[in-house]
Amino acid sequence: MAPTVEGGDAALLPEFPRGPLDTYRARASFSWKELALFTEGEDMLRFKKTIFSALENDPLFARSPGAHLSLEKYRELNFLRCKRIFEYDFLSAGDVFESPLRVSALIQCLGMYDWSLAAKYLLHTLIFGSAVFSSGSERHFTYIQKIFSMEIFGCFALTELSHGSNTKAIRTTAHYSPATEEFIIHSPDFEAAKFWVGNMGKTATHAVVFAQLHVPGGQCHGLHPFIIQIRDPKTLLPMPGVMVGDIGRKLGQNGLDNGFAVFHKVRVPRQSLLNRMGDVTPEGTYVSPFKDARQRFGASLGSLSWGRVTIMGMAVANLKLAVSIAVRFSATRRQFGPTEDEEIPVLEYQTQQWRLLPYLAAAYVLDHVSKSLFLDLVELQRGLAAGDRSARQAELGREIHALASAGKALASWTAQQGIQECREACGGHGYLAINRLGVLRDDNDPNCTYEGDNNVLLQQTSNYLLGLRACRVQDGACFRSPLKSVDFLDSYPGILDQRFEVSSVADCLDSAVALAAYKWLVCYLLRETHEKFNQEKRSGSDDFEARNNCQLKDDAVALVDVIAPPDFVLDSPIGRADGELYKNLWGAVLQDSKVLERASWWPEFSVNKPVIGSLKSKL
């Protein structure tokens, strides 16, 4: 267990070393220590200090500037570090609900050190663990202690090779057999392989696998989670019928082993179904505590929001790191001045302030938003755990899903743009690898796409808002939501009649003015989108065409064909001229993983026989 930090403010918030930054610190209009205590609280500051001190004083976490570990060595070291974090016992299983902000703080502290470590720990404890706890029932709680003792190591397997954001189209199946009281988990073809799953590449022994649940008679009840053993915990060899491997090197976070898995008629006990949202009786009858599928899906969305809300915090942490580097650099880097003999810090220039200070402000704002939404999500999970099946609970799940979708996009894009601006604001020194801005940019990059592509997530939020408007028009219902995030829409006709009127520039500094402007903008975009959508519908377009008919797209491939080099030079499986996206990507991953000989049943998928034969000859 890591030693806690004792003593007063001097030990908790020691003075910084004296040096060139003293001038700016002396000019500050507030005490940085008082602000730190206000925003974090003493207990949280001590918790973070304990984590940082443990990392700094443990040789296993020693920084090695300039050291370039091989992929295998980096992942081995990352796993050992993850194991050490559990040995420090920073968190207990109960902290997820009793002290939720400690969970978020630990993830951010680990991420500020190395996101590969934070992601590995996060995926095992919070994503895998919370999925078991929130989607499972009492019969699954024996897994929780095994998670925190690392008797098992978990991953969250939702995304497939050919489907990510469109979760309803996931193709892995789970057919129930009453004769043996088992589910048969199966990947119908290689495109249904679970893909991009963190921890699955090398270390996961168990997975929460999402599959389409079928009962006798052929009825499908949609996507449901199952807890499935994919490797032997002692040998880490795949279980029978499971082909599992690593997808290879990425642009960043290479200490995390992202992997794939294919299931070939794998039989698991009926009890493997995480059955809080729906269950199957021994005889094969589907039962659910929710009245309709929409309510059940709405409640399940909350549990799927853990990853997106956590990514918000990860993005904020990256933005904090980048802004810290760039502002301190700008306060000490001197260029030009009023005379040839006097240079001033570049932070004094308005252009540098304009580049950096908005992102410094964003770091504070988004930090508060991500923490607030994290607590809202904990409230949702507490309700589920207590057996709350009310309409409010289902609506809370839908609202959190909408907020998490938009929030994840906002935070990750803001961080990505901010990190790039910080890199450029540091000039050539920002491009030097040892100054870490390049690593931050690469490690933050996947935040924009995993757990849902940002553009698609924003569409989910807009669909939520359009759905609320439709209910108002049809039923005359008021805009009311559990978190009150959309209550202002109840008066949106009046909001649209408002005009921007201020008497002075000082009035614009009132936060109420900016909030009113945003409310007007949301109402305006909602009205315009609704009217445009209806116009397309009146012209004969169906719902899908109405949303997509305005895209300038038919000439795109031909234009690319003009500028693209040969495949050998382009060197990208997903960009080859033959357009066989999934075959090329799958073949390249298998060749890199060298797992073909371990799964003799795989070539039965005829769609991939040519690729398999070619790869086997090369290997």
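This is a predicted model: local features need pLDDT of at least 70, side-chain atom pairs count only at pLDDT 80 or more; totals for chains, interfaces and linings use all residues.
I began with a charged pair: Glu 421 and Arg 355 meet through their side chains in a salt bridge, 2.8 Å from N to O.

**Entry: the chain overall**

The chain has 619 residues, and 47% of them are buried. Its secondary structure comes to 23 helices and eleven strands. For contacts with a separation of 6 or more, I noted that 71% are between residues 24 or more positions apart. The accessible surface of the chain is about 31,300 Å², and carbon and sulfur atoms account for 56% of that area.

**Entry: more salt bridges**

How many salt bridges does a search of the whole structure find? I got 24. As background, side chains of opposite charge can pair when their charged atoms come close.

I picked out Arg 75, which forms a salt bridge with Asp 246, with 2.5 Å between the closest N and O atoms. This pair links distant parts of the chain: Arg 75 sits in helix H5 and Asp 246 in strand S7 (residues 242-246), 171 residues apart. Are the two partners buried or exposed? Arg 75 has a relative accessibility of 6%, so I put it down as buried. Asp 246 is buried as well, with a relative accessible area of 8%.

I also looked at Asp 22 and Arg 18, whose side chains meet in a salt bridge at 3.6 Å, N to O. Here Arg 18 counts as exposed at 76% relative accessibility, while Asp 22 counts as partly exposed at 21%. The cut-off matters for Asp 22: buried means under 20%, so at 21% Asp 22 falls into the partly exposed class.

Some charged residues belong to a network. Which residues are linked in this network of salt bridges? I listed Glu 40, Lys 48, Lys 320, Asp 367 and Lys 371.

**Entry: cysteines**

I searched the whole structure for disulfides and found zero. Cys 82 counts as buried, with 0% relative accessibility. Cys 508 is partly exposed, and its relative accessible area is 38%.

**Entry: positive phi values**

Asp 89 is not a glycine, yet its phi is positive, at about 60°. I found Asp 89 in the loop between helix H5 (71-88) and helix H6 (95-98). With 41% relative accessibility, Asp 89 counts as partly exposed.

Where is Met 150 found? It is in the loop between helix H9 (142-148) and strand S1 (154-157). Met 150 is a residue other than glycine, and its phi is positive, near 60°.

How values were computed: Residues are numbered from 1 along each chain as its sequence is written. Side-chain values use heavy atoms; hydrogens and water are left out. A disulfide is a pair of cysteine sulfur atoms within 2.5 Å. Buried means under 20% relative accessible area, exposed over 50%, partly exposed in between (1.4 Å probe, protein chains only). Helices (H or I, at least four residues) and strands (E, at least two) are DSSP runs, numbered from the N terminus. Contact means heavy atoms within 4.5 Å. Accessible areas come from the Shrake-Rupley method with a 1.4 Å probe; for residues, only the protein chains shown count as cover. A salt bridge is a side-chain nitrogen of Lys or Arg within 4 Å of a carboxyl oxygen of Asp or Glu.
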